[in-house]
Amino acid sequence: MADPTTGGGGGGGSNSTYMIREVWESNLEEEFGVIRRLIDQYNYIAMDTEFPGVVARPIGPFSSTSDYHYQLLRCNADILNIIQLGITLMDESGTPAPGVCSWQFNFKFSLSSDMYAQESIDLLTKSGIDFMKSEEFGIDPQHFGELLTDSGMVLFKNVRWVSFHSGYDFGYLLKLLTCRALPEDEDGFFEVLHTFFPGIYDIKYMMRSCRMLKGGLQDVADDLEVPRIGPQHQAGSDSLLTAMTFFRLREKYFENKVDEPKYLGHLFGLGTRIFQTQASSASSPTSTTNSAAVMPAIVGA
């Protein structure tokens with residue numbers, strides 16, 4: 001088993017407060033066993049993914065900007081494979097799980113056979129992702145999906161998933177869970193999403209009520225004086241930063257109590273029409289079948 005990566009704590013924690021464990025196919029079942037034992041108490045799951053960029057653009061027509069963004073997500077998630085998933089477990093008060101609180105799942109990914117955008121691979125390589133190791137020792141996606149389904153992390157209404165601008169993240173997670181292409185439209189996507197993930201917070205969506213906060217995750221963390229532990233653009237470190245940023249945001253802007261009917265279940269940039277009309281009886285726009293134009297991409301080098 002790979003040794004955990006340790007980093008200094010935030011918010012007054014000691015250097016051993018936060019630990020990120022690397023997960024490969026060889027220790028996948030063991031680490032899921034640990035997570036299953038923790039999830040009842042540490043039911044706030046912060047999440048981030050790394051994926052191989054954007055290689056296709058959808059061809060319209062589109063009913064809305066939100067619809068376009070969903071079709072862009074769908075046509076890429078359907079043809080690309082996830083590289084990393086990071087999760088961090090904390091309890092309702094923001095206390096991390098003891099010992100290891102973050103897991104970085106490294107999936108099987110081959111630069112010789114998988115499709116990717118070169119600039120994304122360059123960024124992830126610079127961030128320290130070892131693609132040779134991923135190809136040889138990476139996690140089988142179907143095996144991961146089976147274990148996630150039975151982990152206690154999905155399908156339960158008391159579990160809270162914390163994320164940042166996470167449409168793509170959840171798109172890839174749904175692909176792992178269902179082993180199917182994503183639904184053709186946003187309505188179908190959110191129906192499946194809310195089945196597996198009944199409780200989602202998207203920090204970027206919550207920032208609509210925080211006028212002073214702008215930018216990406218690192219910008220918001222810096223504004224809230226939340227320290228990063230581990231390298232940026234690796235999913236384990238990003239999930240830990242997401243967790244700490246959420247609880248700092250909740251404390252500073254929401255008096256430690258988020259209005260769940262207002263924020264729960266929303267993803268920034270997606271579902272605008274759905275959430276505006278879900279309580280009305282107005283009929284939905286006629287659905288159209290969208291195709292995709294593949295942008296210059298690399299399959300093998």
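Me: Why is Met 90 called buried?

Reply: In this predicted model, Met 90 has a relative accessible area of 2%, and buried means under 20%, exposed over 50% and partly exposed in between, with a 1.4 Å probe and protein chains only, so Met 90 counts as buried. Residues are numbered from 1 along each chain as its sequence is written, and side-chain values use heavy atoms, without hydrogens and water. Because the model is predicted, local features need pLDDT of at least 70 and side-chain atom pairs count only at pLDDT 80 or more, while totals for chains, interfaces and linings use all residues.

Me: Which residues are in contact with Met 90, leaving aside its neighbours within four places in sequence?

Reply: With contact taken as heavy atoms within 4.5 Å, Met 90 is in contact with Tyr 18, Tyr 42, Asn 43, Tyr 44, Thr 95, Pro 96, Leu 240, Ala 243, Met 244 and Phe 247, those neighbours set aside.

Me: What makes Cys 179 count as exposed?

Reply: Cys 179 has a relative accessibility of 54%, and since exposed means over 50%, Cys 179 counts as exposed. Cys 210, by contrast, has a relative accessible area of 1% and is therefore buried.

Me: How many disulfides does the rule give?

Reply: A disulfide is a pair of cysteine sulfur atoms within 2.5 Å, and by this rule the count is zero.
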